[in-house]
Amino acid sequence: MSLTDDETEPTDFQKFGENNFQRIRDKITKMSYADGAANGEESAFQSAFDQGYKEGLKAAFEIGKFKYFFNHLDDKLSPEDLVREKQKYLSMNVKGAEESKQFFSLNNREENVSEISEKQQQHVDSLLAKFKAEVPKVVDLLNAT
């Protein structure tokens, strides 16, 4: 073996260093990928949460204000037209804002967020249209404030 052959062949120490470097690089790559995936999931979850929160708040507010109004309307002290509208509202049997029927995300878990969001918006709009048709004076009264 000549001196030049020894210099071109990797030593055991160099092989160990290269193997160790490769293991560390692989671990860092896996950790970086996992961190990136987690950050992406967190961002997607946050966006969906924000959208759901906004829609849930709207649904709860819009449905809740009618329920609150009619629950506190005194039949003896209120004008007849409002009492009649209260009876119409009660006959509609509207579920409270806290009822699962009011939130499409609970009943359509297999659909994506935008589809659920669209259905939720249609549901609230449909309910508000029913209120406008059945209890127009109260709708005008509540929208004026």
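In the predicted model, Asp 75 and Lys 86 form a salt bridge, with 3.2 Å between the closest N and O atoms. Asp 75 belongs to the loop between α2 and α3 (80–92) and Lys 86 to helix α3, so the pair ties together parts that are 11 residues apart in sequence. The two partners fall into separate accessibility classes under the 20% limit for burial. Asp 75 has a relative accessible area of 37% and is partly exposed, whereas Lys 86, with a relative accessible area of 12%, is buried.

The structure holds 6 salt bridges. Another of these joins Lys 58 to Asp 125, where the closest N and O atoms are 4.0 Å apart. Lys 58 lies in helix α2 (residues 12–71) and Asp 125 in helix α5, so this pair ties together parts that are 67 residues apart in sequence. Lys 58 is partly exposed, its relative accessible area being 31%. Asp 125 also counts as partly exposed, at 37% relative accessibility. A further salt bridge links the side chains of Lys 132 and Asp 140, with an N to O distance of 3.0 Å. Lys 132 counts as partly exposed at 42% relative accessibility, and Asp 140 is partly exposed with a relative accessible area of 44%. Side chains of opposite charge can pair when their charged atoms come close.

The protein chain contains 6 helices and 0 strands, giving the pattern α-α-α-α-α-α along the sequence. Two packed helices are described by the angle between their axes and the distance between the axes. For helix α5 (residues 113–134) and helix α6 (residues 136–144), the axes come within 5 Å and cross at roughly 115°. In this contact, Phe 131, Lys 132, Ala 133 and Glu 134 of α5 meet Pro 136, Val 139 and Asp 140 of α6. By class, the contact has 4 nonpolar, no polar and 3 charged residues. Lys 132 and Asp 140, both listed in this contact, are the partners of the 3.0 Å salt bridge described above.

Helix α6 also packs against α3, and here the axes come within 8 Å and cross at roughly 105°. That angle makes α3 roughly perpendicular to α6. Asp 81, Leu 82 and Glu 85 in α3 meet Pro 136, Lys 137 and Val 138 in α6. The residues of this contact divide into 3 nonpolar, no polar and 3 charged. Pro 136 takes part in the contact of α6 with α5 and in that with α3.

The largest nonpolar core has 14 residues. Those with the most contacts inside this core are Phe 66, Phe 69, Phe 70, Tyr 89, Phe 131, Val 135 and Val 138. Helices α2, α3, α5 and α6 each supply at least two of the core residues, and the largest share, 4 residues, comes from α2. Leaving aside residues up to four places away in sequence, Tyr 89 touches Phe 66, Lys 67, Phe 70, Val 94, Phe 131 and Val 135. In soluble globular proteins, nonpolar side chains tend to be buried together.

Over the protein chain, buried residues make up 23% of the 145 residues. Of the contacts with a separation of 6 or more, 60% are accounted for by residues 24 or more positions apart.

Notes. Residues are numbered from 1 along each chain as its sequence is written. This is a predicted model: local features need pLDDT of at least 70, side-chain atom pairs count only at pLDDT 80 or more; totals for chains, interfaces and linings use all residues. Side-chain values use heavy atoms; hydrogens and water are left out. Axes are lines fitted to C-alpha atoms, for helices over the stretch in contact, and angles run from 0 to 180 degrees between N-to-C directions. Contact means heavy atoms within 4.5 Å. Ala, Val, Leu, Ile, Met, Phe, Trp, Tyr, Cys and Pro count as nonpolar, Asp, Glu, Lys and Arg as charged, and the others, Gly among them, as polar. Buried means under 20% relative accessible area, exposed over 50%, partly exposed in between (1.4 Å probe, protein chains only). Angles under 35 degrees count as roughly parallel, over 145 as roughly antiparallel, 65 to 115 as roughly perpendicular and the rest as oblique. A nonpolar core is a set of buried Ala, Val, Leu, Ile, Met, Phe, Trp, Tyr and Cys residues joined through side-chain atoms within 4.5 Å.
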